[in-house]
Amino acid sequence: MKTYLIIFVTALSFTSLVNAQKIDTEKVFGGYKYTYNKELISIGDLASIIETNTDAYELIKKGRTNRSLSGVLGFVGGGLIGWPIGTSLGGGEVNWTLAGIGAGLIAVAIPISSRSNKKINQAVELYNASINPTSSTTFKPEFKIIANGRGFGLAMNF
């Protein structure tokens, strides 16, 4: 009976280890949150985890490049909008053309950011699909109580 208990505990441990390698994605305000082994990870950590899967790694590299470009355009656009507003509040002569250019840069940055999020999420999905096609979500053991001439027992079929 102890042998069966040890086998059962080992099988349970194995299924929890298989689940621990999956990267989870959660949509939050302004983007996505990624967790690995129930810990929050950055995009850089995400890239180093995915590095073993070449197709997913190429997608995440493109996503990170677009994300950086979007951040720079958004930052510069925000500065170009903020400068005329600050000048206006200070009582100086305002150049609203700068604010228009800044708004245009932000308008360009938004779809680039959206594309980068899609590429990063595609990379995560590709990685998750490749790590274990028979994950614990498809592992559905059946437990039966059996009795025979030697006594009662618990049988697990999977």
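Start with the whole chain selected: among contacts (heavy atoms within 4.5 Å) between residues at least 6 apart in sequence, 51% join residues at least 24 apart. This is a predicted model, where local features need pLDDT of at least 70, side-chain atom pairs count only at pLDDT 80 or more, and totals for chains, interfaces and linings use all residues. Residues are numbered from 1 along each chain as its sequence is written, and side-chain values use heavy atoms, leaving out hydrogens and water.

Now switch to a cartoon view. You will find four helices and five strands, which are DSSP runs (helices: H or I, at least four residues; strands: E, at least two) numbered from the N terminus. Along the sequence they follow the pattern α-β-β-β-α-α-α-β-β.

Next, colour by pLDDT, the predictor's confidence in each residue, from 0 to 100. The chain average is 83.

Move on to residues 142-148 and 151-157. These are strands E4 and E5, which pair in the antiparallel sense over seven bridges; pairing takes at least two bridges found by DSSP. A hairpin of two residues joins E4 to E5. Click Ile 146 and look across to Gly 153 in E5, which stands opposite.

Last stop: Asn 128, in helix H4 (residues 96-131). Is Asn 128 buried or exposed? Asn 128 is buried, because its relative accessible area is 17% (buried is under 20%, exposed over 50%, partly exposed in between, with a 1.4 Å probe and protein chains only). Show Lys 22 and Ile 23 too: Asn 128 touches both, not counting residues up to four places away in sequence.
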